[in-house]
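Thanks for coming. I have one dimer interface to go through today, so please look at the screen.

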2 protein chains.
Amino acid sequence: MTSTVDVQQTSAYDLGPARALSCRECGHQIPLAAEFACAECFGPLEVAYEFGNITRADIEAGPQSIWRYRGLLPVPTDVAAHPNTDPGMTRLVKADRLAAALGVKSLWVKDDTGNPTHSFKDRVVAVALAAARQLGFSVLACPSTGNLANAVAAAAARAGWDSVVLIPSSLERAKILTTAVYDGALIAVDGNYDDVNRLATELAAEHENWAFVNVNVRPYYAEGSKTLGYEVAEQLGWRLPRQIVVPVASGSQLTKVDKAFRELGELGLVEATPYRVFGAQATGCSPVSTAFKSGHDVIRPVKPDTIARSLAIGAPADGPYVLDSVRRTGGAVEDVTDAEVVEGIRLLARTEGIFAETAGGVTVATAKKLIESGQIDPDAETVLLITGDGLKTLDAVQDHIGPRATIPPTAAAVREVLARG
Amino acid sequence: MTSTVDVQQTSAYDLGPARALSCRECGHQIPLAAEFACAECFGPLEVAYEFGNITRADIEAGPQSIWRYRGLLPVPTDVAAHPNTDPGMTRLVKADRLAAALGVKSLWVKDDTGNPTHSFKDRVVAVALAAARQLGFSVLACPSTGNLANAVAAAAARAGWDSVVLIPSSLERAKILTTAVYDGALIAVDGNYDDVNRLATELAAEHENWAFVNVNVRPYYAEGSKTLGYEVAEQLGWRLPRQIVVPVASGSQLTKVDKAFRELGELGLVEATPYRVFGAQATGCSPVSTAFKSGHDVIRPVKPDTIARSLAIGAPADGPYVLDSVRRTGGAVEDVTDAEVVEGIRLLARTEGIFAETAGGVTVATAKKLIESGQIDPDAETVLLITGDGLKTLDAVQDHIGPRATIPPTAAAVREVLARG
């Protein structure tokens with residue numbers, strides 16, 4: 001298990017089963033703290049655990065939120081008692097009509113649009129908030145271009161914390177409104193996302209009570225994505241799917257779903273059956289897919305150009321670990337064009353009644369491509385992760401859909417439209 | 001109980017505990033069918049039941065959706081086995097920060113934005129679809145200006161049914177897109193909502209396989225709102241709240257929440273403690289509030305003029321029954337201005353991190369007004385129903401919120417903004 005603990009210090013914090021931060025590169029461990037980079041080698045730090053005895057019954061008796069998995073997360077035992085957004089336990093939908101359209105036998109869609117601000121970011125932010133509270137922070141912050149901004153502003157409002165959310169000033173008005181409504185300090189920065197990100201890192205170093213969820217408390221934040229893996233397994237009746245397709249932005253989510261599946265097997269909560277993890281990218285920002293297909297270990301950064309903006313990270317921090325996961329499990333990384341993304345959104349909507357954001361279109365279209373190329377086994381069960389809501393990316397579909405006709409208010413006119421089909 | 005059954009015929013349909021349709025005015029009963037008006041007096045028909053022995057344990061062992069209450073709904077026992085959107089079991093949020101802002105002791109928010117298409121309409125449409133399947137329909141239809149259109153188009157897509165959704169051609173582009181994406185027959189009608197509604201009634205009479213959810217299968221559809229009441233009671237730990245505030249459009253939802261509370265008490269699933277039901281309207285469409293405040297029994301229709309479009313029904317069909325419910329329980333109906341609606345949306349967002357549509361703003365602002373006037377007891381527990389999502393009514397808030405500032409990408413500029421407060 002990646003989570004072996006060497007550091008034997010007693011932590012000053014109650015972060016449940018979390019015992020240390022461990023460098024993913026050199027393995028150096030430090031006590032739990034608000035650190036994200038290894039002092040020895042600058043590698044990324046990850047939470048290391050000492051899990052207690054956890055049973056399915058314990059989990060099933062827990063709340064209908066990610067806190068049912070609190071024994072597997074870096075959060076205090078009483079986490080559910082503190083105000084938070086309490087996301088998770090979103091629907092796992094048996095997608096028979098999409099399965100038929102894609103030519104596979106058994107398909108499930110994990111629909112994370114049901115979260116409080118309608119994306120999986122509520123999961124990671126909720127864990128970050130819970131950990132940040134223990135670590136002594138009092139302001140929740142992030143640089144973001146969309147879903148993360150929503151999630152941070154909402155969680156801070158719910159908790160009664162101040163928030164500082166930095167966005168590029170060019171962001172679309174709708175995305176600004178959905179964050180501004182929570183009334184934190186939403187600050188528009190003249191610059192691109194890289195400029196905003198650099199500013200966040202600088203501010204995190206200056207303000208010791210500011211928890212930038214994806215910067216100085218990133219090791220805790222990232223663990224929130226494990227809950228997607230836990231829920232899929234529990235909702236399947238405590239077993240692992242054979243194949244899962246996960247969208248890749250920084251790559252963190254994919255590696256954490258993989259980690260969740262391994263942990264469940266190691267803890268005996270599921271049978272450790274083989275599974276394959278597939279990564280999905282938009283061709284306009286496909287550095288991990290490119291590296292995978294060319295057999296490289298190094299990710300060459302790109303300048304993103306895709307409608308799938310929530311996946312548009314040109315230099316994905318966890319890209320190398322994505323390659324590790326997909327190669328170890330026998331999966332793959334593939335990418336799809338923006339036209340395929342739109343068709344993926346529409347296919348999911350018309351077959352299953354689920355309206356996904358562009359990242360969901362990437363997942364569906366990539367699954368289709370992997371099925372067609374034979375990389376996904378059509379006879380083995382597959383799960384698709386739909387991580388955000390189409391209501392937030394209406395611009396991506398607006399030129400492609402609309403009413404079938406505009407008619408006078410008569411029954412004859414309706415019949416005529418339907419006769420045309 | 002309102003649901004006493006006189007008709008002793010054996011139904012041709014498996015609609016669970018439903019046994020007949022009963023006129024709310026004259027009590028005349030007919031066998032279960034796709035009828036909505038009494039042949040004797042033209043009064044509205046309502047489902048009458050013969051409930052079996054239902055325990056808390058039965059319900060708790062059911063799915064995490066409204067189908068856990070299938071024994072209390074006009075749907076077949078195997079309803080969960082057929083493709084549907086499976087809404088419900090949305091969060092009941094303990095709203096301590098909103099409670100403090102409003103000056104009440106104990107407050108809960110039922111957050112129905114977590115449903116599949118992000119409004120309570122998924123509940124009524126899911127029940128309508130399940131009943132329509134039993135009644136032999138094969139097309140799902142509605143006239144709508146928003147949330148209902150989304151819910152019908154999505155549910156039909158999921159079920160593999162054709163859908164016919166009629167909207168006024170003047171509808172905002174965003175609302176058109178969120179329905180069009182599901183690829184049913186979305187038809188824009190040159191006319192206002194009344195024209196569209198008349199057209200729907202005409203089409204329902206002509207097409208025997210079209211289930212217009214809110215017309216010819218309305219008695220079944222309306223029962224879906226009971227699940228809001230069931231969930232509130234179960235999520236409170238199987239007890240009734242003392243006070244509940246419900247938005248009023250047609251008035252159906254409020255009467256069904258009241259019905260749900262009564263049924264739970266009569267079935268012994270909760271202690272039949274007293275509760276008070278309050279109705280919330282926008283002043284620009286407040287026919288029920290006007291009738292309540294003037295002590296009338298008759299609702300005088302109005303021409304709606306409010307930003308709360310999902311509540312803009314000028315001639316609410318269930319208005320008189322709303323008056324019955326609030327008067328019987330010792331509640332009230334109140335209305336608030338559009339400015340108060342916007343402030344209600346913002347208050348809920350900044351205190352609890354929940355972004356509601358305009359109808360939610362109406363509920364919060366009305367609760368505030370009822371608390372200030374002493375009609376809601378600040379010492380008794382209160383539940384607010386938030387029935388739709390702010391992402392769908394961004395236009396209502398867009399002139400009121402935005403970034404705190406636009407700055408160059410420097411830490412000094414951020415500090416300056418925050419110093420201004």
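Between chain B and chain A there are four salt bridges, a salt bridge being a side-chain nitrogen of Lys or Arg within 4 Å of a carboxyl oxygen of Asp or Glu. One of them joins the side chains of Glu206(B) and Arg415(A), at 2.4 Å from N to O. On the side of chain B that touches chain A, 38 residues are nonpolar, 16 polar and 18 charged; here Ala, Val, Leu, Ile, Met, Phe, Trp, Tyr, Cys and Pro count as nonpolar, Asp, Glu, Lys and Arg as charged, and the others, Gly among them, as polar.

A word on provenance: this is a predicted model, where local features need pLDDT of at least 70 and side-chain atom pairs count only at pLDDT 80 or more, while totals for chains, interfaces and linings use all residues. Side-chain values use heavy atoms, without hydrogens and water, residues are numbered from 1 along each chain as its sequence is written, and chains are lettered from A and ligands numbered from 1 in the order in which they are written.

Now the extent. In chain B, 72 residues are in contact with 72 residues of chain A, contact meaning heavy atoms within 4.5 Å. The buried area is about 5800 Å², with 65% from carbon and sulfur atoms; that is the accessible area (1.4 Å probe) the two parts lose on being put together, summed over both. In chain B, Arg158(B), Val181(B) and Leu391(B) lose the most area to chain A, together 11% of what that side buries.
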